[in-house]
Amino acid sequence: MKNENEPTLDQIEDYNNNESPQKRKTVIRVIILCLVVGAILATLKVVYSNEGEYVGTPEKPGIDATKKY
């Protein structure tokens, strides 16, 4: 049952590559922004990762990955 005021798919602006160039540019800019922010966060994580927090000593090394169980 179709409503009288309901548009068909061809009447919808975003259907079948009929979106406006402004909407397409906005979507591309959002995707690029997310990729840039992700790259910045990944770089910060690599640069500021603190691998010097190991608290083991030679007498008590903590986790020994060489043991075979």
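1. Terms for exposure. Buried means under 20% relative accessible area, exposed means over 50%, and partly exposed lies in between (1.4 Å probe, protein chains only). By that rule Val-47 is exposed, at a relative accessible area of 56%.

2. Basis. This is a predicted model: local features need pLDDT of at least 70, side-chain atom pairs count only at pLDDT 80 or more, and totals for chains, interfaces and linings use all residues. Residues are numbered from 1 along each chain as its sequence is written, and side-chain values use heavy atoms, with hydrogens and water left out.

3. Fold content. Helix H1 covers residues 21-48 and holds Val-47.

4. Exposure of the chain. Buried residues make up 0% of the 69 residues.

5. Nonpolar patch. Val-47 also belongs to a nonpolar surface patch of about 990 Å². Other members include Ile-28, Leu-33, Val-37, Leu-44 and Tyr-48. Patch residues have over 30% relative accessible area and no salt bridge; nonpolar side chains (Val, Leu, Ile, Met, Phe, Trp, Tyr) are joined within 5 Å, like charges within 9 Å.

6. Salt bridge. The count is one (side-chain nitrogen of Lys or Arg within 4 Å of a carboxyl oxygen of Asp or Glu). Glu-19 and Arg-24 form it, at 2.3 Å, N to O. Glu-19 is partly exposed at 22% relative accessibility. Arg-24 is partly exposed too, at 40%.

How values were computed:
Accessible areas come from the Shrake-Rupley method with a 1.4 Å probe; for residues, only the protein chains shown count as cover. Helices (H or I, at least four residues) and strands (E, at least two) are DSSP runs, numbered from the N terminus.
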